[in-house]
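Open the model in your viewer and keep the selection panel at hand. The tour goes from the whole chain to one residue, then to the ligand.

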Amino acid sequence: GGHKQREFDYFKLSLQWPGTVCHRTRHCCSSNGCCRGSNAPTGFTIHGLWPDYNDGTWPACCNGKRFDVKEISTLLGALNKFWPSLSCSSPSNCHGGKGLFWEHEWEKHGTCASSVVGDEYKYFLTTLNIYFKYNITEVLREAGYVASNSEKYPLGGIISAIQNAFHTTPELECSGDAVEELRLCFDKNFKPRDCAVDSNTESGIVTSKKSCPRYVSLPDYVS
Ligand code: 5GP
Ligand code: 5GP
């Protein structure tokens with residue numbers, strides 16, 4: 001990292017489904033705190049806001065800007081709630097060390113978005129605002145797609161609900177049949193647009209290890 005990268009083309013807002021991620025990280029729930037009990041999130045939470053190129057690649061670790069948690073002190077309440085880490089281990093930063101999930105996301109992705117979003121504080125504030133404005137959990141809930149450990153939902157129905165609400169096609173990743181990530185793309189004015197490389201089809205054809213089958217689940221926490 002550290003060297004100047006070419007300017008990116010669009011944003012990808014990446015969300016994670018806690019019921020799926022936490023299923024894998026239950027064993028460390030006392031250390032990450034947010035996979036259980038009253039802390040457990042009830043809808044999609046934020047993974048990150050990622051700058052991307054139209055050719056399907058993306059820049060990473062764009063300038064020497066280090067993460068400073070003091071810059072986002074006024075956002076910590078919201079970040080803990082809507083952008084929690086659900087993993088057991090600390091991710092790497094761009095400088096050969098380990099740090100917070102937020103540190104990883106800012107250094108790897110946020111630094112590459114600064115031409116549009118600005119500094120670290122603005123990166124987190126912008127991401128929260130976009131997340132609140134495009135409330136995927138609410139759109140799915142209104143269409144009847146709610147957390148459940150018994151229901152399976154048609155992938156095409158989930159995609160249609162989002163297309164109808166936001167006029168753009170999301171990308172989905174699954175772990176088995178459980179939705180793990182949902183990604184929504186935006187142009188640099190934050191108008192929704194399709195992502196460049198559409199890894200999903202409604203056909204249910206498995207093209208990668210994380211692609212979703214024709215019927216998917218939105219698991220609730222397993223206690
Ligand atoms: P995964 O394999 O879980 O989809 O992605 C692993 C990591 O690669 C992500 O956490 C993210 O940092 C990066 N990544 C994966 N897909 C994309 C993408 O479409 N755009 C960007 N900017 N990064 C991605
Ligand atoms: P990315 O996929 O954005 O490149 O990187 C995610 C990194 O952050 C991984 O190293 C992962 O261990 C760490 N991490 C910490 N908390 C979370 C979380 O809640 N979700 C995901 N996907 N990764 C997390």
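Start with everything selected: of the 223 residues in the protein, 36% are buried (20 or more other C-beta atoms within 10 Å of the residue's own; exposed means 12 or fewer, partly exposed in between; C-beta atoms are placed from the backbone). This is a predicted model, where local features need pLDDT of at least 70, side-chain atom pairs count only at pLDDT 80 or more, and totals for chains, interfaces and linings use all residues. Residues are numbered from 1 along each chain as its sequence is written, while chains are lettered from A and ligands numbered from 1 in the order in which they are written.

Switch to cartoon. The protein has 8 helices and 7 strands (DSSP runs numbered from the N terminus: H or I of at least four residues, E of at least two). Show the C-alpha trace: it spans about 45 × 40 × 30 Å along its principal axes.

Next, select helix 4, residues 101-108; Trp-102 is found there. Is Trp-102 buried or exposed? Trp-102 counts as buried because it has 25 C-beta neighbours inside 10 Å. Draw a C-alpha to C-alpha distance from Trp-102 to Leu-79: 8.8 Å, across 23 residues of sequence.

Finally, select ligand 1. Around it are Lys-12, Trp-50, Asp-52, Trp-58, Lys-108, His-109 and Glu-173 (C-beta atom, placed from the backbone, within 6 Å). Colour this shell by type: 2 nonpolar, 1 polar and 4 charged (nonpolar: Ala, Val, Leu, Ile, Met, Phe, Trp, Tyr, Cys and Pro; charged: Asp, Glu, Lys and Arg; polar: the others, Gly among them).
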